[in-house]
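Work through the exercises below with the sequence and the model open. Each task is followed by a solution in steps.

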Amino acid sequence: MSAMLDELAAKVAAGKAKIVPGLVQEALDAGEKPVDCLNTMIGAMDVVGERFKNNEIFVPEMLIAAKAMKKGVEVLKPLLAEEGTTNAGKVIIGTVAGDLHDIGKNLVAMMIESAGFEVIDLGVDVPHERFVEAYKENPDTKIMALSALLTTTMPALRDAVALLNAQDFRGNIKIMVGGAPITAEFAKEIGADAYTEDAASAAAKAKELVGLA
Ligand code: B1M
């Protein structure tokens, strides 16, 4: 990794929200690729997660690191998410009940949007019933995308998918799931149609699910 990206990683991990956007811009100006800047920041969040696990930092520090990363992503957004030219249909996305993590979900939303979908983002801590209501408000939705970032919210993901699976409209939608603790096996076990590991593959899978790839 270049010295510039090292510096970016360090400042994201330290939660320097005011400095990070400038560092991202500097790295881009120096020829670093947007995707490398993004992966550097994701790597920094892994470091933050490890420090948290080892009791070296606590929730407030994790939160300010997340804010710093969000500021950095704002700079990258226009570069990563080029305006979609197709109208691929609607995707409803949200992080499941009890789970407040949104950076990964936001990246997935951004990549899916850039693949030409209209994204309806329900935010974080979404009650299971809200996914059903959102579909009823948008009956032309093609994909429901659900994130869970904690092992403790995997049951909420299971329950939300079960509720969607019980709906009359189930045949009209595809259900995609993801998030760090989720696996393809778990996705299959709970009755989702697709699992992907990261935001870029989520966008590719969404296109595939609606027959555009
Ligand atoms: Co929390 N947290 N956190 N946290 N946090 C983790 C997830 C943790 C792994 C840290 C650790 O201990 N190493 C750990 C979970 C452990 C576990 O589940 N076993 C953890 C914990 C324990 C907690 C709390 C319980 C801490 C506490 O209060 N004691 C608490 C829970 C709060 C709650 O949700 N109810 C908590 C709180 C928080 C903050 C609020 C402080 C903050 C979130 C702020 C925010 O999101 N706005 C936070 C943060 C920042 C983290 C870490 C450090 C970073 C998360 C992140 O943004 N990663 C995280 C450690 C880590 O991830 N390394 C950690 C970067 C992001 C790009 O990755 O979210 O994985 P990710 O998304 C990826 C993929 O997963 C995938 O694509 C994304 C992009 O490539 N993906 C999908 C995601 N959704 C997808 C959907 C798809 C497909 C792919 O299809 C639909």
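**Exercise 1: the domain interface**

Task: in this predicted model, find how many residue pairs are in polar contact across the interface of domain 1 and domain 2.

Solution. Step 1: with both residues at pLDDT 80 or more, 1 residue pair in polar contact is found across the interface of domain 1 and domain 2. Step 2: on the side of domain 1 that touches domain 2, the elements giving two or more residues are α3 (34-53) and α4 (59-80). Step 3: α4 supplies the largest share of that side, 6 residues. Step 4: sorted by class, this side of domain 1 has 8 nonpolar, no polar and 3 charged residues.

**Exercise 2: extent and charge**

Task: state the bounds of the two domains, the area buried between them and the count of salt bridges.

Solution. Step 1: the domain assignment places domain 1 at 3-83 and domain 2 at 90-209. Step 2: domain 1 brings 11 residues to the contact and domain 2 brings 8 residues. Step 3: about 710 Å² is buried between the domains, and carbon and sulfur atoms give 78% of this area. Step 4: the count between domain 1 and domain 2 is 1 salt bridge. Step 5: D102 and K70 form a salt bridge, with their closest N and O atoms 3.0 Å apart.

**Exercise 3: the cobalt atom**

Task: which protein residue is the donor to the cobalt atom of the ligand, and where is its place?

Solution. Step 1: the single donor from the protein is H101, through NE2, at 2.2 Å from the cobalt atom. Step 2: H101 lies in the loop between β1 (89-95) and α5 (103-114).

Notes:
Residues are numbered from 1 along each chain as its sequence is written. This is a predicted model: local features need pLDDT of at least 70, side-chain atom pairs count only at pLDDT 80 or more; totals for chains, interfaces and linings use all residues. Side-chain values use heavy atoms; hydrogens and water are left out. Donors are N, O and S atoms within 2.8 Å of the metal (3.2 Å for Na, K and Ca); water is not among the atoms, so sites may look incomplete. Helices (H or I, at least four residues) and strands (E, at least two) are DSSP runs, numbered from the N terminus. Domain bounds come from an automatic or database domain assignment. Contact means heavy atoms within 4.5 Å. Buried area is the accessible area (1.4 Å probe) that two parts lose on being put together, summed over both. A salt bridge is a side-chain nitrogen of Lys or Arg within 4 Å of a carboxyl oxygen of Asp or Glu. A polar contact is a pair of N or O atoms within 3.5 Å; within protein, one must be able to donate a hydrogen and the other to accept it, and residues adjacent in sequence count only if both atoms are side-chain atoms. Ala, Val, Leu, Ile, Met, Phe, Trp, Tyr, Cys and Pro count as nonpolar, Asp, Glu, Lys and Arg as charged, and the others, Gly among them, as polar.
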